[in-house]
Amino acid sequence: MLFPVSTRGGVAAGAAALLLAAAGPAPAVAADVARARTAAVISCAGAIVVNVHPLNGAVDGRSGTNFRCATPDRSFAAELTISGSLRSGGELSYEARTTDSLRLTDTGEVFRFTVDRRFDRDTTAATGNAAERGSSSQARDSGTGTFGTGTGLVTFLVTNGYTLDVSG
């Protein structure tokens, strides 16, 4: 059985269909994909070195060489960079707000997030044991290790059980 065909509206309808197909997913679908992607949690482990400068209030640091991260479907190397400022400090503890960058080395993708961190040391001596923990709506981290002091500087080597969870 043949159906009557009109070419008058067919060309316009065909052109519209091609434009829609070329435009990609509808905005609602694209928004859902973006939401699903940002809801992922990236879990990382390794070591970090953080320098606290009590005299000028600066905080800086980075991950060690074997810093690894994972999502539910893959594992990869990453680099963490820490930069911020002290909010308060005393002889045995420092509180800082940092803005961190987590770069996935396999894709080059960078996640930026803010963390409120606390660094504790067990003594006012030049070296000793230390602990670090931090949290925000975007990330949570913690670990233990050691610290060492220099002129106007306290360096925290967080090498034991350091973990970082980032909500993309």
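**Close-up views of a predicted model**

**View 1. G145 sits in strand 8 (residues 139-150).** Strands here are DSSP runs of E with at least two residues, helices are runs of H or I with at least four, and both are numbered from the N terminus. This is a predicted model: local features need pLDDT of at least 70, side-chain atom pairs count only at pLDDT 80 or more, and totals for chains, interfaces and linings use all residues. Residues are numbered from 1 along each chain as its sequence is written, and side-chain values use heavy atoms, with hydrogens and water left out. G145 has a relative accessible area of 7%, so the residue is buried. Buried means under 20% relative accessible area, exposed means over 50%, and partly exposed lies in between (1.4 Å probe, protein chains only). Leaving aside residues up to four places away in sequence, G145 touches G128, N129, A130, L157, V158, T159 and N160. A contact means heavy atoms within 4.5 Å. F156 is 11 residues from G145 in sequence, and their C-alpha atoms are 7.3 Å apart.

**View 2. Strand 8 pairs with strand 7 (residues 127-135) and with strand 9.** Two strands count as paired if DSSP finds at least two bridges between them. Strands 7 and 8 run antiparallel, joined by 9 bridges. D141 in strand 8 is the bridge partner of G134. The hairpin from strand 7 to strand 8 passes through 3 residues. On the strand 9 side, 11 bridges hold an antiparallel pairing. There, G145 stands opposite V158. Strands 8 and 9 also form a hairpin, with 2 residues between them. G152 in that turn has a positive phi of about 70°.

**View 3. Y94, F119, F147 and F156 form one aromatic cluster.** Rings of Phe, Tyr and Trp (its six-membered ring) pair if their centres lie within 6.5 Å; planes under 30 degrees apart count as stacked, over 60 as edge-to-face and the rest as tilted. The count by this rule is 4 aromatic pairs. In one of them, the rings of F119 and F156 have centres 5.1 Å apart and planes at 35°, so the pair is tilted. This pair links distant parts of the chain: F119 is in strand 6 (residues 110-121), F156 is in strand 9 (residues 153-167), and 37 residues separate them. F119 and F156 are both buried. F156 also pairs with F147: the ring centres are 6.3 Å apart and the planes stand at 40°, so this pair is tilted. F147 is buried, at 3% relative accessible area. For F156 the value is 0%.

**View 4. C44 and C69 form a disulfide.** A disulfide is a pair of cysteine sulfur atoms within 2.5 Å. A search of the whole structure finds 1. The sulfur atoms of C44 and C69 are 2.1 Å apart. The link is right-handed, with 105° about the S-S bond.

**View 5. The chain as a whole has 2 helices and 9 strands.** Along the sequence the pattern is α-α-β-β-β-β-β-β-β-β-β. Of the 168 residues, 29% are buried. Among contacts between residues at least 6 apart in sequence, 46% join residues at least 24 apart.
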